[in-house]
Amino acid sequence: MWGPNSAAMAQVGTRAIQSGWDVVSANPRLVVAVAGGALALVAALALYRRLRRTPGERFRALLAGRESISVLLHPNPDGDAMAAGIAVAELAESVDTEVVVQYTGQVRRQENRAFRTVLDVELDRIDHVSDLAAEAVVLVDHNAPRGFAGADGVLPFAVVDHHPGEGGGDAYTDVRTDYGATASILAEYFRDTGATPIPPDAHETEVTGATLSTRTATGLLYGIISDTNRLTRGASAADFAAAAYLQPGVDEDNLERIADPAVSTEALDVKARAIAGREVRGSFAVSDVGRVSNVDAIPQAADELVGLEGVTAVVVLGERDGTIHLSGRSRDDRVHMGRALEAAVSDVDDASAGGHARMGGGQLGPQVTADGSEEVPVIGREELIDRLFDAMDGER
């Protein structure tokens with residue numbers, strides 16, 4: 001209801017508006033400035049809303065913008081890589097993006113083969129860049145394409161990883177070297193998007209809203225525990241939090257089938273050779289297990305050796321087809337295993353090594369003799385062993 005002064009106030013307001021309009025009309029530059037300021041405010045608000053989105057929301061939105069993607073695992077993928085792969089695939093499928101999970105090399109080691117079988121993981125093996133299923137490539141558990149012809153020419157669309165490196169994605173990069181597993185990052189993505197893990201005894205229709213399948217939850221938890229030695233090595237608070245989030249959706253029977261498969265005779269034999277043939281200097285150990293047919297037995301032997309009393313850092317080396325494979329483990333704060341292995345072979349041709357503080361790996365390629373009759377390691381075993389001890393001791 002109007003008061004006694006309402007009409008007068010309305011007249012004053014009308015005159016003020018008219019006066020303001022007259023000022024604006026007489027000053028075109030002011031019009032431009034006001035319009036520009038408004039546009040800048042709208043853009044700033046849009047950017048603010050975008051930045052407030054969680055990594056999981058941003059990643060899912062990027063997947064939604066693609067018709068199809070290829071999720072590429074690192075060569076000879078392990079449990080963490082496969083878990084990250086099926087997790088990205090589930091996120092992509094939730095936004096109607098076609099997806100193929102691809103890899104190079106072989107799926108070796110008993111646990112990795114069990115992972116693929118128990119969780120019925122579909123993987124497409126590639127040898128050449130032309131085999132990629134889509135132009136948009138998402139790398140998981142590594143940050144630079146490798147292991148196939150033409151890899152150097154691939155520019156990934158996105159990268160999700162926990163390993164140190166210089167690689168990245170054209171549209172998205174999330175590399176968290178303080179995390180123990182890439183699976184932990186993907187678990188956070190589902191949590192970011194409000195997904196509820198589906199219990200193994202429940203049906204998907206019983207859970208409303210966004211969901212995380214039992215299959216993927218089980219795979220992600222295995223990825224975490226395998227890369228952190230059951231949350232005892234290199235695990236961060238984020239890894240524990242991710243495991244807690246996943247737990248309600250985990251099929252414990254399938255998890256046990258993956259984590260504790262039958263051990264091959266060769267793996268047991270290599271472990272025995274590593275223990276019996278170890279050379280110990282102080283609290284460090286190096287063991288040369290000789291020739292192996294399955295190189296995945298080497299890291300298993302390193303896991304066994306680092307648990308021996310009085311040993312705080314170990315490197316196990318073995319040879320297959322002229323190439324020497326290294327696998328190191330450390331529970332010694334003085335020894336960053338990835339850097340130690342890198343230092344040991346940094347000046348050796350056709351050699352590479354690296355990794356995290358607690359675990360690392362490397363390779364030394366063979367060298368063909370002048371007459372081409374045979375392949376021999378690039379350096380002798382005794383020299384390599386001395387280099388490894390020096391590197392762990394900080395003398396390289």
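This is a predicted model: local features need pLDDT of at least 70, side-chain atom pairs count only at pLDDT 80 or more; totals for chains, interfaces and linings use all residues.
**Entry 1**

Next I asked which elements supply at least two residues each to the lining. My list reads helix 4 (79-94), strand 2 (98-103) and helix 7 (214-227). Helix 4 gives the largest share, with four residues.

**Entry 1: aromatic pairs**

I searched the whole structure for aromatic pairs and got four. One of them joins Phe115 and Tyr222, with 5.9 Å centre to centre and 50 degrees between the planes, so by the cut-offs (under 30 stacked, over 60 edge-to-face) I wrote it down as tilted. Phe115 belongs to helix 5 (residues 110-118) and Tyr222 to helix 7, so this pair links distant parts of the chain, 107 residues apart. Are these two residues buried or exposed? Both Phe115 and Tyr222 are buried.

I then turned to Tyr172 and Tyr189, an edge-to-face pair at 6.5 Å centre to centre, with 75 degrees between the planes. Tyr172 sits in strand 6 (residues 172-175) and Tyr189 in helix 6 (residues 182-192), so their pairing ties together parts 17 residues apart in sequence. I checked burial here as well, and Tyr172 and Tyr189 are both buried.

**Entry 2: a charge over a ring**

What sits over the ring of Phe157? I found the charged end of Arg66 there, 4.3 Å from the ring centre.

**Entry 3: positive phi values**

I looked for residues other than glycine with a positive phi and noted Asn76, where phi is near 50 degrees. Asn76 is in the loop between strand 1 (68-72) and helix 4. Its relative accessibility is 29%, so I marked Asn76 as partly exposed.

Arg230 went into my notes too: it is not a glycine, yet its phi is positive, about 60 degrees. You can find Arg230 in the loop between helix 7 and helix 8 (237-246). Why did I mark Arg230 as exposed? Its relative accessibility is 51%, and the cut-off for exposed is over 50%.

Note on methods: Residues are numbered from 1 along each chain as its sequence is written. Side-chain values use heavy atoms; hydrogens and water are left out. Rings of Phe, Tyr and Trp (its six-membered ring) pair if their centres lie within 6.5 Å; planes under 30 degrees apart count as stacked, over 60 as edge-to-face and the rest as tilted. Buried means under 20% relative accessible area, exposed over 50%, partly exposed in between (1.4 Å probe, protein chains only). A charge sits over a ring if NZ of Lys or CZ of Arg is within 6 Å of the ring centre and within 35 degrees of the ring normal.
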